[in-house]
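Take a look at the model below.

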Amino acid sequence: MQRDFWGGIAGGIEICITFPTEYVKTQLQLDERANPPRYRSIGHCVRLTIQEHGVKGLYRGLSSLLYGSIPKSAVRFGMFEFLSNIAKDSSGKLDNKRSLLCGLGAGVAEAVLVVCPMETIKVKFIHDQSSLNPKYKGFFQGVREIVREQGLRGTYQGLTATVLKQGSNQAIRFFVMTSLRNWYLGDDPHRKMNPLITAAFGAAAGAASVFGNTPLDVVKTRMQGLEAHKYKNTLDCAYQILKKEGLLAFYKGTVPRLGRVCLDVAIVFVIYEEVVNVLNKVWKTA
């Protein structure tokens, strides 16, 4: 439990540092205009936001991710540990294919229990800031307003897309991380991994997930926005994006997402591995 707590704290610190990239990514993905788009580039989105709302506008929706960082890490790594303990072979080793399945299970669990409401609230807050008459004044007032208007269901929009995104996210990340770790350790499972190596492997795992499932992330964002009512379901949303905006629309926000995710996954895996090492030493001496 301690490793999940510190992983969540590390994730919270990372979110505070990199949230403007998450904000820009979300705004680019919500922008349905193709010719011309509202935001011409990442820099244009940043400049326009600061002009209209000040620097604090780049942190709209941050509270939702902060409140969810510890429970998200607890569910993700807790479920992965639970599944990996079952999936390990007789020698205690987790192979690459099984790590992919364990990561998939961890991603689905975090999507259903934590990520979907957390992301829905974040997207709604960011989208609301761009509207002519913003109605969400703060986290608790905003959540109350969403529940009052739409019921609890209003905080669980885009569940299918979120499950697909988070499931593939963690499947890819844990698969890449386990593959790189197994390659690095070779025949010596006790070989020490430097935190810098863990960070590099984590960044690579994060990058792989970004290139692997950004289309799902775009669909998820649209399904959680203030105009989600125009889509019948996840497939209809994907079809309308393709029809009206073209294939490249599925990769909106890739660059800012890449920057944040690589740093996020690198930091969280380093903290996780180091806490695991400390706890293992404590257990051996106890």
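**Cavity and rings**

Five helices, α1 (2–30), α3, α4, α6 (159–185) and α9 (254–285), each give at least two residues to the lining of the largest cavity. The model is a predicted one. Among these helices, α6 supplies the largest share of that lining, with 5 residues.

What volume does the largest cavity have? The value is about 200 Å³. Its lining is made up of 19 residues, and the closest to the centre are Lys72, Lys165, Gln166, Asn169 and Arg260. By class, the lining residues divide into 12 charged, 4 nonpolar and 3 polar. In the structure as a whole, the count is 4 cavities of 30 Å³ or more. Rolling a probe the size of a water molecule over the atoms shows where such empty space is left.

Now turn to the rings. A pair of aromatic rings is described by two values, the distance of the centres and the angle of the planes. The structure holds 12 aromatic pairs. Take Tyr67 and Phe140. Their ring centres lie 6.0 Å apart and their planes stand at 40 degrees, so the pair is tilted. An angle over 60 degrees would count as edge-to-face, and one under 30 as stacked. Tyr67 belongs to helix α3 (residues 62–87) and Phe140 to helix α5 (residues 139–150), so this pair ties together parts that are 73 residues apart in sequence.

Are the two partners buried or exposed? Tyr67 is partly exposed, at a relative accessible area of 48%. Phe140 counts as exposed, at 54% relative accessibility. The cut-off for exposed is over 50%.

A second pair joins Phe125 and Phe139. Here the centres are 6.4 Å apart and the planes are at 70 degrees, so the pair is edge-to-face. Phe125 sits in helix α4 (residues 96–129) and Phe139 in helix α5, and the pair links these distant parts of the chain, 14 residues apart. Phe125 counts as buried, with 2% relative accessibility.

Ring pairs link Tyr67, Phe125, Tyr136, Phe139 and Phe140 into a cluster. Phe125 also meets a charge. The charged end of Arg60 sits over the Phe125 ring, 5.5 Å from its centre.

Which ring does Arg191 lie over? Arg191 lies over the face of Tyr184, at 4.0 Å from the ring centre.

Notes:
Residues are numbered from 1 along each chain as its sequence is written. This is a predicted model: local features need pLDDT of at least 70, side-chain atom pairs count only at pLDDT 80 or more; totals for chains, interfaces and linings use all residues. Side-chain values use heavy atoms; hydrogens and water are left out. Rings of Phe, Tyr and Trp (its six-membered ring) pair if their centres lie within 6.5 Å; planes under 30 degrees apart count as stacked, over 60 as edge-to-face and the rest as tilted. Helices (H or I, at least four residues) and strands (E, at least two) are DSSP runs, numbered from the N terminus. Buried means under 20% relative accessible area, exposed over 50%, partly exposed in between (1.4 Å probe, protein chains only). A charge sits over a ring if NZ of Lys or CZ of Arg is within 6 Å of the ring centre and within 35 degrees of the ring normal. On a 1 Å grid over the protein atoms alone, a cavity is a set of points where a 1.4 Å probe fits but cannot get out, and a pocket is an open set with protein on both sides within 12 Å along at least five of seven lines; lining residues have an atom within 4 Å of a point. Grid points are joined across faces, edges and corners, and a volume is the space filled by probe spheres set on the points. Ala, Val, Leu, Ile, Met, Phe, Trp, Tyr, Cys and Pro count as nonpolar, Asp, Glu, Lys and Arg as charged, and the others, Gly among them, as polar.
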